[in-house]
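Let's take a walk together through the charged side chains of this protein. Have the sequence and the 3D view ready, and follow along as we go.

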Amino acid sequence: MPAPSPTDLLMLFQRAQAQFTDRVDAVDPGAWDAEALPGWSVADIVAHLTSEQLWVPPLLGGEEPGAIAGRVPTGTEELLGGDPLSAWETAADEALTSWAGPGALERTVHLSGGPTPATDYLVEMTADLTVHAWDLARAVGGVTELDAELVAAAFRYAEERLGDDGVPGVIAAPVEVPPGSDLQTRLLARFGRRA
């Protein structure tokens, strides 16, 4: 199977944003404090991804992480205010606009792990959005079936980039799945989730 083109990667990212937006929009007002992951509420997951989107414009603009850190809020309340959906959508729109800018996908960005091709960063963000869309939906009893193309892209990322122990402190180690499990179940297991 040929590797996706940069345009394909951008379209997948946009779909991952839209899928996550649908999950955020479906959260009932009383469900923001529900646990989505150990130690993380539904609001924390949305804040985490909102923060990730806010980092995109300055990173694609060539800034170093140390110069950005003080400008991007870190707390859930500070990031989401009283309107999590609007906060998420505003940040997501700004990120997408930056990714779609001239030459953005040909750049190198400076991440905490060092210089990284922008397309690799985009693939990582797409996978993160995809898996967290499931976390969010599962936490609130929403639609947990994910876009099949996004699942395939995230699984390819996991197989190529994640070690056998996940990423300590960031991504849990993989869990076992029964033989014959579907790709979404295998993807979630690769990220330490039990479907």
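Is Arg-193 buried or exposed? At 12% relative accessibility, Arg-193 counts as buried, where buried means under 20% relative accessible area, exposed over 50%, and partly exposed in between, with a 1.4 Å probe and protein chains only. Before going further, please keep in mind that this is a predicted model, in which local features need pLDDT of at least 70 and side-chain atom pairs count only at pLDDT 80 or more, while totals for chains, interfaces and linings use all residues. Residues are numbered from 1 along each chain as its sequence is written, and side-chain values use heavy atoms, leaving out hydrogens and water.

You will find Arg-193 in the segment after α8; helices here are DSSP runs (H or I, at least four residues), numbered from the N terminus, and strands are E runs of at least two. Setting aside neighbours within four places in sequence, Arg-193 is in contact with Leu-37, Val-131, His-132, Trp-134, Asp-135, Val-175 and Leu-188, a contact being heavy atoms within 4.5 Å.

For another arginine, look at Arg-186, which sits in helix α8. Arg-186 is partly exposed, with a relative accessible area of 36%. With neighbours within four places again left out, Arg-186 touches Phe-155, Val-177 and Ser-181.

Now to charge pairs. Side chains of opposite charge can pair when their charged atoms come close. How many salt bridges does the structure hold? There are six, a salt bridge being a side-chain nitrogen of Lys or Arg within 4 Å of a carboxyl oxygen of Asp or Glu.

Start with Arg-15 and Asp-147, whose closest N and O atoms are 2.7 Å apart. Because Arg-15 lies in helix α1 and Asp-147 in the loop between α6 (118-140) and α7 (148-161), this pair ties together parts that are 132 residues apart in sequence. Both partners are partly exposed, Arg-15 at 32% relative accessibility and Asp-147 at 22%.

Asp-120 and Arg-161 meet in a salt bridge of 3.0 Å, N to O. That pair links distant parts of the chain, with Asp-120 in helix α6 and Arg-161 in helix α7, 41 residues apart. Asp-120 is partly exposed at 26%, and Arg-161 is partly exposed at 36%.

Arg-190 and Glu-159 form another salt bridge, at 2.9 Å from N to O. Here Arg-190 belongs to helix α8 (residues 183-190) and Glu-159 to helix α7, 31 residues apart. Arg-190 is buried, with a relative accessible area of 11%, whereas Glu-159 is partly exposed at 46%. Elsewhere, salt bridges that share partners join Arg-15, Asp-147 and Glu-149 into one network.

Finally, turn to the surface. Asp-22, Asp-25, Asp-83, Glu-89, Asp-93 and Glu-94 gather there in a patch of negative charge. Patch residues have over 30% relative accessible area and no salt bridge, with like charges joined within 9 Å and nonpolar side chains (Val, Leu, Ile, Met, Phe, Trp, Tyr) within 5 Å. Helices α1 (6-25) and α5 (84-99) each supply at least two residues of the negative patch, and α5 gives the most, with three. One of the patch members, Asp-25, is found in helix α1 and is exposed, with a relative accessible area of 53%.

Definitions and conventions. Areas by Shrake-Rupley, 256 points an atom, 1.4 Å probe, with all protein chains shown as cover. Lys, Arg positive; Asp, Glu negative; His and termini not counted. Charge placed at Lys NZ, Arg CZ, Asp CG, Glu CD.
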